Amino acid sequence: MIQKEQVRVIKGLLDHLDNKTNVKADGMIKNPADTYTSEDRFHKEWDNFFLNHPQIIGFSGDLPNKGSFMTADDFGVPILATRDKNGEFKCFVNVCTHRGVIVESQRRGEKEKFSCPFHGWTFNNRGSLVGYPKPDHFGEIDKSCYGLKELPCAEKHGFLFVHPNENGVINTEDLLGDQLIEEMESWNFKDLILTQEEEYVTDMNWKLAIDTFGETYHFSTLHKDTLFESFYGNVQMFDTFKRNARLSLCKRQIEDLRTTPEKDWDVRVGSLPVYFLFPNIIINVLEGGIIVVKEYPLENSPHKSVSKVSFYFTPEAIGYLEEIKNGNEENFNPYIAFGEIIRDEDYVAAAASHKGLRSGKIDHILFGQNEPALHHYHNTYREALNLEPMPLIKSK
Ligand code: FES
Ligand SMILES: [Fe+2]
């Protein structure tokens with residue numbers, strides 16, 4: 001984030017603290033309960049936001065070396081992503097062209113050739129069919145017609161994008177906009193190393209998982225013994241970038257910045273910037289790296305979802321975190337803390353909310369003036385599905 005913007009965010013947070021204010025939308029909005037429970041709404045989202053929208057499957061650090069690969073199967077099309085001998089990122093449908101079997105079943109690793117487990121057809125990491133057993137028995141085929149199906153993909157600003165539709169277009173300027181691209185570049189995501197992955201499967205709509213990241217109004221109650229000890233609740237800055245947004249949470253450590261010259265301010269000392277990248281990615285920016293959450297519906301259902309959590313750190317931060325793991329340092333451990341807060345507190349509340357909404361006994365939920373990120377996400381989803389925005393309800 002450019003220094004001027006870091007200073008603006010920190011000053012905004014300090015102003016809110018000093019004046020006991022918060023970011024404020026011009027009203028509240030009512031979000032219909034069926035946003036989360038309707039099968040029809042779910043199928044529209046699946047089609048528009050997943051099957052036919054560019055997907056961020058990871059970061060450059062997911063494919064650290066020439067010969068690295070990873071697989072994903074979260075949005076309807078099984079993906080095999082590789083880094084070839086030239087260092088180029090490639091994406092293929094992970095489906096054998098012989099009889100349709102999933103070719104590579106490991107999540108990640110180092111491999112230049114992929115042999116299908118059924119009959120052993122073998123593809124290289126540029127997708128070409130390089131051999132098949134017993135061609136004299138099987139019959140002669142034109143190998144160049146039986147490579148893995150390639151998908152549009154791009155490695156940009158440290159992100160790995162793939163489009164599940166072979167005719168899809170990935171235009172990061174359109175998706176993110178110049179200002180957010182500059183900000184993403186400034187965090188040097190491309191240099192981060194993947195250190196850990198986790199999955200939280202929850203009985204709730206995928207958007208309820210995202211909603212938990214969208215406000216700090218709940219910190220003093222739901223997180224009173226955890227996050228609230230190191231964060232102020234109900235204080236934040238909020239900024240939008242096309243369909244994307246940044247919520248800047250307020251750390252109690254912001255008090256240290258009051259006596260630090262502005263030119264030395266690091267926004268991450270006083271704030272936790274949380275980016276929401278449309279439609280399903282959350283990036284929490286820490287001092288030594290990022291924690292990324294990718295939200296996906298599960299089992300073709302509005303009622304079940306999985307949060308895929310990936311931790312990426314700088315080499316320096318990794319050394320420090322190892323010391324914590326080995327018990328030589330008593331300090332904040334992001335690996336443990338994230339699960340204890342997000343999985344064990346936020347998602348428990350969100351799953352309860354899903355159950356309540358599914359009862360059919362309330363027809364809407366209410367987003368307050370102090371929850372503008374929720375207004376933005378939900379109106380953005382609606383706009384993308386050609387639904388009317390939800391009107392603001394003025395306070396009496
Ligand atoms: S299905 Fe892959 S080799 Fe036969
Ligand atoms: Fe929370």
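Start by selecting leucine 80, which touches Phe69, Thr71, Phe92, Asn94, Val103, Glu104, Phe114 and Leu148, leaving aside residues up to four places away in sequence. Contact here is a matter of C-beta atoms, placed from the backbone, lying within 7 Å.

Before you click on: this is a predicted model, where local features need pLDDT of at least 70 and side-chain atom pairs count only at pLDDT 80 or more, while totals for chains, interfaces and linings use all residues. Numbering runs from 1 along each chain as its sequence is written, with chains lettered from A and ligands numbered from 1 in the order in which they are written.

**The core**

Leu80 is also one of the residues with the most contacts inside the largest nonpolar core, along with Ile79, Ala81, Val162, Ile282, Ile290 and Tyr312. That core has 91 residues. Such a core is a set of buried Ala, Val, Leu, Ile, Met, Phe, Trp, Tyr and Cys residues joined through C-beta atoms within 7 Å. Buried means 20 or more other C-beta atoms within 10 Å of a residue's own, exposed means 12 or fewer, and partly exposed is in between, with C-beta atoms placed from the backbone.

Which strand gives this core its largest share? Strand S13 (residues 231–241), with six residues. The core also draws at least three residues from each of domain 1 (3–52 + 176–384) and domain 2 (55–162); these bounds come from an automatic or database domain assignment.

**Strand S13**

Select S13 next: nine of its eleven residues are buried. Strands (E, at least two residues) and helices (H or I, at least four) are DSSP runs numbered from the N terminus. S13 runs antiparallel to strand S14 (residues 244–251), joined by eight bridges; strands count as paired if DSSP finds at least two bridges between them. Phenylalanine 231 has lysine 251 as its bridge partner in S14. In the turn of this hairpin, which has two residues between the strands, look at lysine 242 and its positive phi of about 55°.

Now colour by domain. The C-alpha centres of domain 1 and domain 2 are 32 Å apart, and 16 residues of domain 1 are in contact with twelve of domain 2. On the domain 1 side, helix H3 (39–51), helix H6 (178–186), strand S12 (193–202) and strand S18 (301–313) each supply at least two residues.

Zoom in on H3, where Arg41, Phe42, Glu45 and Phe49 are buried. Their cover includes helix H2 (34–37), strand S17 (289–298) and S18.

**Strand S11 and its partners**

Cross to strand S11 (residues 159–162). Phe159 and Phe161 are buried on one side, Leu160 and Val162 on the other. Strand S2 (residues 55–59) pairs with S11 in the antiparallel sense over four bridges, and glutamine 55 stands opposite valine 162. Strand S10 (residues 153–156) is likewise antiparallel to S11, over four bridges, and here cysteine 153 is the one partnered with valine 162. The S10–S11 hairpin has two residues between the strands, and histidine 157 takes a positive phi near 55°.

**Last stop: a three-stranded sheet**

Finally, show the open sheet in the order S7-S8-S9, with antiparallel pairing. Which strands sit at the edges? Strand S7 (113–115) and strand S9 (129–131), each pairing on one side only. S7 and strand S8 (residues 122–124) share three bridges, and lysine 113 has asparagine 124 as its bridge partner in S8.

Note on methods:
Contact = placed C-beta atoms within 7 Å.
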